[in-house]
Amino acid sequence: MEITEVRVSLVERPNSRLRAYASITFDNSFVVRDVRIIEGKRGLFVAMPSKKMQRPCSRCGFKNPVSHKFCGSCGVSLNPLNQQRLSPSQLHRDLAHPVKTDFREYIQKKVLEEYEKVKKGTGKNYSEQ
Ligand SMILES: [Zn+2]
């Protein structure tokens, strides 16, 4: 499977590690949006689109992100979870992701190449539409 297009939208948020969103087209046939380019401690990396894991409120049943301490609907205090014990996979789940490491590296290389072009002004910034 080949990546046939990468579209980068730069994000200007001074207090965020998020640098850009990307959408990736595979084989001119399938698009994955909401890919994030993040400034990590060891440099830029590409994060696949993910959803926050949720748990229902014991009083009203409203689904809250697992990291929240109070229900977003009725305000009741949710059972405290030991945040340190929550693994990343319990907080977020990838909605689409590569299966093999070499394909993950291929995606990262293509996305970061396009990001660098857009940063230099030689690629199109899709957030300026
Ligand atoms: Zn509730």
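This note sets out the main points of the structure for a reader new to it.

1. Basis of the model. The structure is a predicted model, in which local features need pLDDT of at least 70, side-chain atom pairs count only at pLDDT 80 or more, and totals for chains, interfaces and linings use all residues. Residues are numbered from 1 along each chain as its sequence is written.

2. Confidence. The mean pLDDT of the protein is 91, and 95% of the residues score at least 70; pLDDT is the predictor's confidence in each residue, from 0 to 100. Among the elements, S1 has the highest mean pLDDT (98) and H1 the lowest (74). Where pLDDT is low, the predicted coordinates should not be read in detail.

3. Elements. The protein contains 2 helices and 8 strands. Helices (H or I, at least four residues) and strands (E, at least two) are DSSP runs, numbered from the N terminus. Their order from the N terminus is β-β-β-β-β-β-β-α-β-α.

4. Domains and overall form. The protein is divided into domain 1 (1–49 + 95–129) and domain 2 (51–93), with bounds that come from an automatic or database domain assignment. The centres of the two domains, taken over C-alpha atoms, are separated by 29 Å. The C-alpha trace spans about 55 × 35 × 30 Å along its principal axes. The radius of gyration is 18 Å, whereas a compact globule of 129 residues would have a value near 14 Å; this radius is taken over C-alpha atoms, and the globule rule is 2.2 Å times the number of residues to the power 0.38.

5. Of the 129 residues, 11% are buried. A residue is buried if 20 or more other C-beta atoms lie within 10 Å of its own, exposed if 12 or fewer, and partly exposed in between, with C-beta atoms placed from the backbone. Among contacts with a separation of 6 or more, 38% join residues 24 or more positions apart; two residues are in contact if their C-beta atoms lie within 7 Å.

6. Helix H2. This helix covers residues 101–120, and its end C-alpha atoms are 28 Å apart, in agreement with the 28 Å that its 20 residues should span at 1.5 Å a residue. The expected span is 1.5 Å times one less than the number of residues. Ile107, Val111, Glu114, Tyr115 and Val118 are buried in H2. Seen down the axis, the buried residues fall within an arc of 105°, so they line one face of the helix; the arc is that of the directions from the helix axis to the C-beta atoms. The cover over the buried residues of H2 includes strand S1 (3–10), S2, S3 and strand S4 (43–47). On the other side of H2, Thr101, Asp102, Glu105, Lys109 and Lys120 are exposed. Gly121 follows H2 and has a positive phi, near 90°.

7. Two aspartates with positive phi. Most residues other than glycine have a negative phi. Asp27, in the loop between strand S2 (18–26) and strand S3 (30–40), has a positive phi of about 50°. Asp27 is exposed because 9 other C-beta atoms lie within 10 Å. Asp34 lies in strand S3 and has a positive phi of about 65°. With 13 C-beta neighbours inside 10 Å, Asp34 is partly exposed.

8. Asn79. This residue is found in the loop between strand S7 (63–65) and helix H1 (88–91). Asn79 counts as exposed, with 9 C-beta neighbours inside 10 Å. Asn79 and His68 are 11 residues apart along the chain, and their C-alpha atoms are separated by 9.8 Å.
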